[in-house]
Amino acid sequence: MSVVATLGPKDTFSDMATQRYLSAQGLSSKVSYFPTLKTAFNAIGNEADWGVLPIENLSEGYVQVVLDGLMATDLFIRDEILLPIKFALVTNCQSLAEVRSLFVQFVAHGQCSEFIESLQGITIHNTQSNMESLNSLEGSKEPAAAVVPQHVLNDWRSDCFKIDNVTDFAHNQTRFLVLGKYPQKINPALAYKTTLVVRDDHDKPGVLGSIVTALSDRRINMTSIMSRPTKSQLGKYHFFIDIEGHCEQANIAAAIEQINASYQVKVLGSYQAAVV
Ligand SMILES: O=C(O)C(=O)Cc1ccccc1
């Protein structure tokens, strides 16, 4: 049986995205949980055959640690999954006024920032996963609270104060990537998108202009562009680019070849675009 790596413990949003994908694809892989996004990423292609990780949130944008993993990886993006995301607040006491500590996952923090900023006199502890936030609350000896996935709300103690929604945006969503060792084969009947990473190690002039020209000359639609520091020198960046179509299509293959003549391009994968 194949093994899929994701962020644990069980019941994180990453776990929910994984379970949804397993049932939609009719797969029965064993889910292996890792305590951080980085350890989950590093397990893929090693102790796990494939993995599911969050890449982009509606309000927070890209998950930097996952982008950095993609920069260095030999894995391929095989699919994307969109998941609606809602957060609740649970406590171990009778009112918000008593709360001294708040546990919140670092990506969740920004998605509930309006609520969190309204709190006063509370120490905030950033955690690695939303279920770690819940576990930390369970282990806390002082009056405390945790920002948790809304689906755990009903199981929480009924004698304690709770708020059923502390999410900033009503239509909050996170996009997850399915990563694996092999690229996805093209099925001409499906709509694909392709993610590329362009390295600009030598900082030549006109990198963005050349990319945009190579794509627009062939009527290829760019849907996202994201820069990440190279970490070798301040002010130097690599570019993550999403385009519509599959890398095996002739116009896309030609555009990649043209960009590759001046810059290093890596195809991270072509995969079916999720319906937003
Ligand atoms: O901690 C989780 O539940 C995760 O899967 C990571 C995450 C955090 C916030 C929004 C979506 C995914």
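## Annotated region

Helices (H or I, at least four residues) and strands (E, at least two) are DSSP runs numbered from the N terminus. The unreviewed UniProt entry annotates residues 3–181 as "domain: Prephenate dehydratase"; such annotations may be inferred rather than shown by experiment, and their positions follow the numbering used here, with feature names shortened.

The model is predicted: local features need pLDDT of at least 70 and side-chain atom pairs count only at pLDDT 80 or more, whereas totals for chains, interfaces and linings use all residues. Residues are numbered from 1 along each chain as its sequence is written.

## Ligand shell

The ligand has 14 residues around it, of which T12, F13, S14, S129 and N130 come nearest (C-beta atom, placed from the backbone, within 6 Å). Elements giving two or more residues to this shell are α1 (13–25), β3 (50–57) and α4 (106–111).

Because domain 1 (3–84 + 173–180) and domain 2 (87–163) both contribute residues to the shell, the ligand lies between them. The domain bounds come from an automatic or database domain assignment.

## Antiparallel sheet

An open sheet of 4 strands has the order β13-β14-β12-β15, with antiparallel pairing (at least two DSSP bridges between two strands). Its edge strands, β13 (222–229) and β15 (264–272), each pair on one side only. Strand β13 is joined to β14 (residues 237–244) by 7 bridges, and R228 has H238 in β14 as its bridge partner.
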